[in-house]
Structure formats: C-alpha cells, structure tokens
Amino acid sequence: MNEDSGMVAVLMSTYNGEKYLSAQIESILAQSYPNIELYIRDDGSSDSTRIIISTFVNQYDNVHAVDLDGPIKNLGVKRSFQRLLEMCPAEYSMFADQDDIWLKDKITMTLQAMKGAEHGQPVTVHTNLTVVDSNLNVLNEKMFGDSPLDDFTQLMFTNTATGCTMMINAQLRALLLQQQFSSEIFMHDWWTALVGSYFGNIVYIDTPTILYRQHQGNQIGEDAGHFRVLRRLNKIQNEIDRTRKVFLQLYAFDETFYKDSPIEFQKRYNYFVAYARLRQNSSFITKVKVLMQHPIRKKTMGGKLLLAYLMLFKSKLILIK
C-alpha cells in the first residue's frame, strides 16, 4: 500500500501527558505508512506537555498543534476529540491516546481493512491491543481473547471498540460532526462505534496494533477476567452510575440519529426502541416484557443478569431522562 491510498489524520488529545508523550509521538511518526498528518490538541495541561508538543511541531512538517495558541480551554476528552475532527478534515481519521506505543504497521494494516469494507458507507475499523504496564512489560498479549461483539444491539450495552485502535472514514466523520457531542455520550469511541455500526459497517482486526499502557492515570482502563461481574457487584454504586450513563447514551442516540433516520434503518432496529425509550415511569411489567421479548445481548450470562437486575430493581436510578 502506498501513499496514494489516502491521507490519514491521526488525532491526539493530551492532558498532563509529559511522562510518555514523546515516545508515543515518535511511534506514530515511525509508522510504515507514509501519508499521515498528526494533529495534537492539548486540553489544558499544567505540566510540560504543551512544550513537548511545540518541540515536535517545530521539528516535523506533518505534526500540527490545534488550539495551542491563545487561552487554555479544557473541553474534556469527548469534546476535545470532536474538536480535532472538526479542525482536521481527512479521508481517514484515527484517534490516539498520549501514552501508548503504536506498532509499526498499525496504520497500514488498519487502512487495508478499511479499503476492503467501505463500499461507499460509513465504516469503523478497530483492532486488538497488547496490554502493558507503565514500563512496557506485557501484561496481556491480547485484550480480546476472540472476536468481540460488534453488532449494534450488543454495542448498545458494551463497548468493544477501543478508541486508540480505531480508524474512521470521511462518511462516518461527517455523521459524527452533525451535532456537538453531548454530556450524555459515554465516551467518544463508544459513540463512534454505535454510529458506525448503525449506519454502515464495523470491522475488527484480531491482531494487536498498539502497546496499551495500563496505569493509574488511564482515562478508561481494562476490566477483564473471569470474576469481573463479581467485582462489579461488589461496587454496585459504580455499576449503577455506569448503567445510568449507558441509558443516557441510548437516549442521546435516539434524539440525535434514530428518530430521524431513514425508515429502513428504524425497521432494522426495533430492539433499540424497546430499551432506548424506557423511562423512569415505565412499569415493572413493561420492563419484564422488554427483557422477555428482546433478551439482553451481552457476551456473558453474568453481564446479562446484572443488567436485568439493575433494570428491574434499580430503575429509578438508571432509567432517567
């Protein structure tokens, strides 16, 4: 694959990332795919992150700073990435965290899968990843043991597309910029996966393409293992808060895309309506009917039972609009 295959914009949002930022930028600039432009937006760092960004911008023609001059604005990670999408139009866009290491063929491999899946529609491509500690010692060769569940109705409840492994095409970028990301969106990568799988196609590559640092500073970390549901039950308030955010995201998707989407899309996803339009005043019987007519689509039985329990017995806390 050569540089005529399309320009790829790598979008990085930073915040107090001085410790690992230089190594991450260097791994992106060392990619085997040559036609890339790296755009970095700092979200209000108080350490030397902005100095590091300026150093790379001055040294490399294909490294660009967004909003680095002028007053510092902290938008939060979701709006910061949308700001990058707004400011950096490209045929293909990828999200980058500030503290990982990209493997050399990450872009080449991802773009090849993208080219095979587009067919004129919005597409998300995401990959597996290798989990490492802060010193790059491998903790888990693959975060996902097998193919994740990328169907829209499963993505409603569980995100399996990690933002720092994702590529989107121009059609999906246009959809993501139709409206400002609201506070009801759980996270930018989950929202991107939902939109891509609803309107187009989502593709998974099982090969890891990054070394994903797991450390205390991660915005969102790995939560895996056989006893994950038991750990979550032990922190039930955290799970209530998370599930409330999941349903708020479903409400936001309904308002932003579903209710005004073409009828052929709506007919395909009556499952979505059953859950997205549950509200605090829905009766217990209504919730039971939804669960029976539209069984929860999560990978593990424990996850299904936990969500059903919260819907039935904690609905006043999670089914709020």
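Visitor: Which helices each supply at least two residues of the lining of the largest cavity?

Guide: In this predicted model, helix H9 (236-256) and helix H13 (301-313) each do so.

Visitor: What makes this space a cavity rather than a pocket?

Guide: A cavity is a set of points where a 1.4 Å probe fits but cannot get out, whereas a pocket is an open set. By this rule the count comes to one cavity of 30 Å³ or more. About 80 Å³ of space lies in the largest cavity. Eleven residues line the largest cavity, and the closest to its centre are Glu 239, Arg 242, Thr 243, Lys 298 and Leu 307.

Visitor: How do the residues of that lining divide into nonpolar, polar and charged?

Guide: Five are nonpolar, two are polar and four are charged.

Visitor: Why is Asn 16 called partly exposed?

Guide: The relative accessible area of Asn 16 is 31%. Buried means under 20% and exposed means over 50%, so Asn 16, at 31%, counts as partly exposed. Asn 16 is found in the loop between strand E1 (8-14) and helix H1 (21-29).

Visitor: What is the phi of Asn 16 near?

Guide: Phi of Asn 16 is near 45°, which is a positive value in a residue other than glycine.

Visitor: Why does Leu 136 count as partly exposed?

Guide: Leu 136 has a relative accessibility of 33%. That value falls between the 20% and 50% cut-offs, so Leu 136 is partly exposed.

Visitor: Where does Leu 136 lie?

Guide: Leu 136 lies in the loop between strand E6 (123-132) and strand E7 (138-140). Its phi is near 70°, a positive value in a residue other than glycine.

Notes. Residues numbered from 1 in each chain as written. Predicted model: local features only at pLDDT ≥ 70, side-chain atom pairs only at ≥ 80, totals over all residues. Heavy atoms only, no water. 1 Å grid on protein atoms, 1.4 Å probe; cavity = no way out; pocket = protein on both sides within 12 Å on 5 of 7 lines; lining within 4 Å. Points joined across faces, edges and corners; volume = space filled by probe spheres on them. Helix = DSSP H or I, 4+ residues; strand = E, 2+ residues; numbered from the N terminus. Nonpolar A, V, L, I, M, F, W, Y, C, P; charged D, E, K, R; others polar. Buried < 20%, exposed > 50% of the residue type's maximum accessible area, 1.4 Å probe, protein only.
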